[in-house]
Amino acid sequence: MREAGLKWPVEAEAVSGSKLMPLTVRGLSFCAGGRRLIDHISLTLDGDGVTMVMGPNGAGKSLFLRLIHGLIPASEGEIKWGGALIGPEVRRHQALVFQKPVLLRRSVAANVDFVLKSRGRASPEAREALLERVGLGGRGAQAARLLSGGEQQRLALARALATEPEVLLLDEPTASLDPASAQAIETIVADVARSGTRVIFVTHDVGQARRLGSDVVFLARGRIAEHTPADAFFDTPSSREAEAYLSGELVL
Amino acid sequence: MHEFGEAIGLAFGLVAGFDADLVEIVGLSLYVSLTATLIACLIGLPLGAILAVARFPGRNACLIVVNALMGLPPVVVGLIVYLHLSRAGPLGFLGLLYTPTAMIIAQTILIAPIVAALSRQVVEDLHTEYAEQFRSLCLSRTEAVQALLWDGRFALMTVALAGFGRAVAEVGAVMIVGGNIDHLTRVMTTAIALETSRGELPLALALGIVLMVIALGVNGLVHSLRMTATRFAYA
Amino acid sequence: MIKKGVLAAFLVSVAVTGGGAAAEGAIFVQSTTSTANSGLYDHLLPAFSERTGITVNVVAVGTGQAIKNAANCDGDVLLVHAKGAEEAFVAQGGGVERTDLMYNDFVIVGPDGDPAGVAGLSDAGTALTRIASSGALFASRGDDSGTHKKEIGLWAEAGVDPVAASGGWYRETGSGMGATLNAGIGMGAYVMTDRATWISFGNKQDYTVKVEGDPALFNQYGVILVSPDKCANVDAEAGQAFIDWLVSDAGQEAIASYSVEGQQLFFPNAPGHD
């Protein structure tokens, strides 16, 4: 079993401003239906930037994201954010954007207001600022579920940002979007990361990972195959699985 | 069946003539059944939502009981409410027997389980879709239930309609606790029962037709609301 | 069983909206379907209410249920037709005093074909015996009402036990007078009914009165004030005013003047009148 305990990115020598960092995962496993879908993962993430989580289908990427966000309980192991075990108190300072956005059956504005209100920050100004930030300014009155796929995902992002998260988790948010819509999301995420929010981003898109990532966690068969700075990962992947994945081979 | 022709003619005459007694009876029917529906929703919707969202020991037993209560015979509800509201009963001092309030109570008891059981299903389906997002947002259970009820509002209108339909159509409960008193507790169904027992079948049928038209109107209204909501993907 | 607490919660919420429908000076009369269905109250009450300002609310059920309701204090006045049961009710302290009010009579109605051949008989016992022996259908109220009690008594006098044939030629509907007439006419059965209900009944089809005129078919109505000692809620003053008016000249004349299709339905016979 491989211990991936690097601190990334190296150049951001200062420890992250977030009191949620570092993320330390020890011996994390998740079993379902008699199968070990996450297999004794240990990992430490610190500093700022965007960590890309990659790996073939079925590697356990989405599961890993849900586990560290505390949406599902681990079978074994320990997840700590800034020294505190994952739980509602920690989760309050994180936000997760799903591959398929779960929008309320309401207007665009009401979707954002809903979260702002639950955090005691509801105001038309705050909502409009968030909608502006994701390029949906002035669209508040529209029905959320009648937006295009890309717009829906940007609204989901605005709603996630409404919680003012210290950590933003993204689960293949652009997987079903056209390139232009995907690029719009990337631009927003890069902007969010620059403003100090720690981002953990699950993706299949190698180009996207190259553009956004400061480091890459590569999962295969429920384990971490490698955890490498992004540049190094794409130039000279150290694991056979990552090498095969990047060269387009089928990795099982 | 010449009765049908006669009944349709009578029904038309009653409505067109704006018959004062008919207006009073229809008004009371709507007042009693709509109020009962409103109260049954205030009780049944949160109860259904809690049953949909919460997991606790005995939940399955609760579901079975609520589902079984959907089949409560109106006359049994009427009898139970009568026994409570009768002067000889524990709540007799309130003096509510043979008042519209007694009828509202009986119909509320009759339809609250229907609202609870059907809304449980609606909310549970919605919750399946929203649960992870809500957990991620760290919503309290109250916030989650409120959001689910609001987002299910158009589907839940149909639930309320099912309750209203049962309330406005039942005769057994209101007959016992209301007493079918002219100008006080006479509603559409008890009036129909009365005219039937007087052998005035065409008039009874005419009242039945009026009741059906009212039910059609209410259903049409709710349906068009839902269609509008669906157009905006709110339902 | 519904929890009382839940019920009480409903009450609190509902009392605000619709409570207090029983206005000042309103009394409840527990009475029978035969009097209410015939339209008698629609004829009597406006005259009384206009004079006194008292609203009279009539609950029309079978005599048996009316007496039970009154025993539960759910009414101020009892106006029914089963002398024995009424006297028992007073004897048990439920009512103040029973007064004869009016009468009419029972008749046996049947279809045109008259399968038991009872048309024109004036002896109820003979008629019932013929119906039983011919196996023709007979529809009974079967609901412990005044009419039902009367019918049971007539069968007993005729020496026939119809209940043994219950479900066969003897059909107990367990319903009110009108519903039993509808059912009886639907199945071609003989029915014993009070004359008032019959005259004002709207669904006679090919039915006519077959048996009438037997003194045994006499149908006496009585009126009783529910005991204010037993039931504190009883508005004794208004209830007694109603009874006093019913047995007064004005009330008795009002009863006598009610007719349907030219036929008088009820014959006043309160004490002190002819």
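**Entry 1: a parallel pair in chain C**

I began with one residue, Ala26(C), and found that its bridge partner in β2(C) is Thr55(C). This is a predicted model, so I read each feature as a prediction. I then looked up the two strands. Strand β1 of chain C covers residues 26-32 and runs parallel to β2(C). I noted 7 bridges joining them. As a reminder to myself, strands of a sheet pair through backbone hydrogen bonds, either parallel or antiparallel.

Next I asked how many residues of strand β2 of chain C are buried.

**Entry 2: which chains touch**

Chain A and chain C share no contact. Their closest C-alpha atoms lie 30 Å apart.

**Entry 3: two helices in chain B**

I picked helix α5 (residues 100-136) and helix α6 (residues 141-151) of chain B. Two packed helices are described by the angle between their axes and the distance between the axes. Here the axes come within 10 Å and cross at roughly 130 degrees. I wrote down that this makes α5(B) oblique to α6(B). I also recorded the crossing of α5(B) and α6(B) as right-handed.

Which residues meet between α5(B) and α6(B)? From α5(B) I listed Val123(B), Leu126(B), His127(B), Tyr130(B) and Phe134(B). From α6(B) I listed Ala144(B), Ala147(B), Leu148(B), Leu149(B) and Asp151(B). Sorted by class, the contact of α5(B) with α6(B) has 8 nonpolar residues, 1 polar and 1 charged.

I stayed in chain B for Tyr98(B), which sits in the loop between α4 (74-85) and α5. Its phi is near 60 degrees, a positive value in a residue other than glycine. Is Tyr98(B) buried or exposed? Tyr98(B) has a relative accessible area of 3%, so I marked it as buried.

**Entry 4: the sheet in chain A**

In chain A I traced an open sheet of 4 strands. The order is β2-β1-β4-β5, with antiparallel pairing. The edge strands are β2 (35-45) and β5 (84-85) of chain A, and each pairs on one side only.

I then looked at β1 (residues 23-32) and β4 (residues 76-81) of chain A. They pair in the antiparallel sense over 5 bridges. Leu23(A) stands opposite Trp81(A) in β4(A).

A cis peptide bond joins Met21(A) and Pro22(A), with omega about 0 degrees.

**Entry 5: two loops in chain A**

Where is Glu166(A) found? I found Glu166(A) in the loop between α5 (149-161) and β7 (167-171) of chain A. Its relative accessible area is 19%, and the cut-off for buried is under 20%. Glu166(A) therefore counts as buried. I set aside neighbours within four places in sequence and looked for its other contacts. They are Ser18(A), Lys19(A), Leu20(A), His93(A), Thr197(A) and Arg198(A).

My last stop was Arg221(A), in the loop between β9 (215-220) and β10 (223-229) of chain A. Phi of Arg221(A) is near 50 degrees, a positive value in a residue other than glycine.

Conventions:
Residues numbered from 1 in each chain as written. Chains lettered and ligands numbered in written order. Predicted model: local features only at pLDDT ≥ 70, side-chain atom pairs only at ≥ 80, totals over all residues. Heavy atoms only, no water. Contact = heavy atoms within 4.5 Å. Buried < 20%, exposed > 50% of the residue type's maximum accessible area, 1.4 Å probe, protein only. Pairing = 2+ DSSP bridges. Axes fitted to C-alpha atoms, helices over the stretch in contact; angles between N-to-C directions. Parallel < 35°, antiparallel > 145°, perpendicular 65-115°, else oblique. Left-handed = near helix turned anticlockwise from the far one by under 90°. Nonpolar A, V, L, I, M, F, W, Y, C, P; charged D, E, K, R; others polar.
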